[in-house]
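Here is a short report on one protein model.

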Amino acid sequence: MIEYTPDNITAATIEQMSTTTDPRLKTIMESAVRHLHAFAREVNLTPAEWIFGIQFLTRVGHMCSASRQEFILLSDTLGLSTLVNTLHDTTALEDATHTSLLGPFFRENTPVMERGAQIGSDVSTGEIVLWGRVTNVDGAPIANAMVTVWQTAANGSYDMQVTPERNDYRGSFVTAADGSYVLKSVRPLGYYIPMDGPVWDMVRAQGRHGMRPAHIHFLIGAVGYRELVTALYLSGDPHLHDDVVFGASADLVAQIKQNDPECPIKGLPSIRFDFTVSRESEADRRGGRVGADPAATLA
Ligand code: BEZ
Ligand code: FE
């Protein structure tokens, strides 16, 4: 019989798990145990700290509902979501537009709208045009791609936070034969991550401001191409360099132009962004996203 010590418990745990038949599950769990034990040894984790961690994770779980996913928020604020996204980008068949966070405010079944439609209900702060093309990495247009857009209203709130029963400031658009998309929206505002949960408590205990820079989410799907989950970040926002969830990446910063002569809708400020998508690999066909409609995570 073994006498357990800080030095042999890791090997004993991995030995007992060695009967795992799924090879990927075996790899992941062995590594998780090795790193978890190394972390506890490194900080000399006390029983009081261990129970604090258990209570924290319990609060995270209790916070989850059909309209709130606190575990994803935790992953985002710990940089894990962006780590997995950047790892995922390196496995694409082709170097396309990079991934950014899906975030907790994505909704499945966003309504398809007419080309050029306004996605927001209150345009009193002024409209902007979002336009550009979806192409492959050689610049060839992709027709019939589905471009789904969601963002905050001009006051920094998502529809889910204000009118959960109604879609607003979100819409899906089908690209034309030349790969182009165009829609109208309003200028989004940067916002604090939700302040009523344990993740906010963690962020504040760390002395972080808890803000995201103003951004517009995009999800682009096209037959035969890897799904692209990304976002555009508005140039000039004071939090581009210290986004609390590490989504704002330099290559995804977009500028609002006042009078772009090439913009298909005249007389409005506009953002042009051309997205490239990678051909789909066998693994891509099996799907998977860093993020989800909160309702889909309750099943
Ligand atoms: C968002 O962009 O919607 C978001 C992403 C991560 C955490 C909170 C919000
Ligand atoms: Fe967002």
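## Burial and overall figures

Buried residues make up 45% of the 299 residues in the protein. Buried means under 20% relative accessible area, exposed means over 50%, and partly exposed lies in between (1.4 Å probe, protein chains only). This is a predicted model: local features need pLDDT of at least 70, side-chain atom pairs count only at pLDDT 80 or more, and totals for chains, interfaces and linings use all residues. Residues are numbered from 1 along each chain as its sequence is written, chains are lettered from A and ligands numbered from 1 in the order in which they are written, and side-chain values use heavy atoms, with hydrogens and water left out.

The C-alpha atoms fill a box of roughly 80 × 40 × 35 Å, taken along the principal axes. The accessible surface comes to about 15,700 Å². Carbon and sulfur atoms hold 57% of that surface. Accessible areas come from the Shrake-Rupley method with a 1.4 Å probe; for residues, only the protein chains shown count as cover.

## Contacts and charges

Take the contacts in the protein with a separation of 6 or more: residues 24 or more positions apart account for 72% of them. A contact means heavy atoms within 4.5 Å.

The protein has 24 positive and 35 negative charges. Their mean positions are 3 Å apart. Lys and Arg count as positive, Asp and Glu as negative; His and the chain ends are not counted. Each charge is placed at NZ of Lys, CZ of Arg, CG of Asp or CD of Glu.

## The five-stranded sheet

The secondary structure comes to eight helices and 11 strands. These are DSSP runs, numbered from the N terminus: helices (H or I) have at least four residues, strands (E) at least two. Five strands form an open sheet in the order E3-E2-E7-E8-E9, with mixed pairing. E3 and E9 stand at the edges with a single partner strand each, so one side of each has no neighbour in the sheet. Two strands pair if DSSP finds at least two bridges between them.

E2 pairs with E3 (residues 170–174) in the antiparallel sense over five bridges. Valine 147 stands opposite phenylalanine 173 of E3. E2 also pairs with E7 (residues 215–221), again antiparallel, over six bridges. Here methionine 146 has glycine 221 as its bridge partner, and valine 149 stands opposite phenylalanine 218. Both strands are mostly covered: five of the six residues of E2 are buried, as are six of the seven in E7.

E7 and E8 (residues 228–234) run antiparallel and are joined by six bridges. Isoleucine 216 stands opposite leucine 232 in E8. The two strands form a hairpin with six residues between them. In the turn, glycine 224 has a positive phi of about 90°.

E8 and E9 pair in the parallel sense over two bridges. The bridge partner of tyrosine 233 in E9 is valine 253.

## Aromatic pairs

How many aromatic pairs does the count come to? The count comes to nine. Phenylalanine 105 and tyrosine 191 have ring centres 6.3 Å apart and planes at 80°, so this pair is edge-to-face. Rings of Phe, Tyr and Trp (its six-membered ring) pair if their centres lie within 6.5 Å; planes under 30 degrees apart count as stacked, over 60 as edge-to-face and the rest as tilted. The pair links distant parts of the chain, 86 residues apart: phenylalanine 105 is in the loop between helix H5 (80–90) and strand E1 (127–136), tyrosine 191 in strand E5 (residues 191–192). Both residues are buried.

Phenylalanine 106 and tryptophan 150 form a tilted pair, 5.0 Å centre to centre with 55° between the planes. Phenylalanine 106 is in the loop between H5 and E1, and tryptophan 150, 44 residues away, is in E2 (residues 146–151). Phenylalanine 106 is buried, at 4% relative accessible area. Tryptophan 150 is buried too, at 1%. Ring pairs also link Tyr181, Phe218, Phe273 and Phe275 into a cluster.

## Alanine 254

Alanine 254 lies in strand E9 (residues 253–254). Is alanine 254 buried or exposed? At 4% relative accessibility, alanine 254 counts as buried.

Leaving aside neighbours within four places in sequence, alanine 254 contacts Leu232, Tyr233, Leu234, Ser235, Ile271 and Phe273. Its C-alpha atom is separated by 9.7 Å from that of alanine 231, 23 residues apart along the chain.
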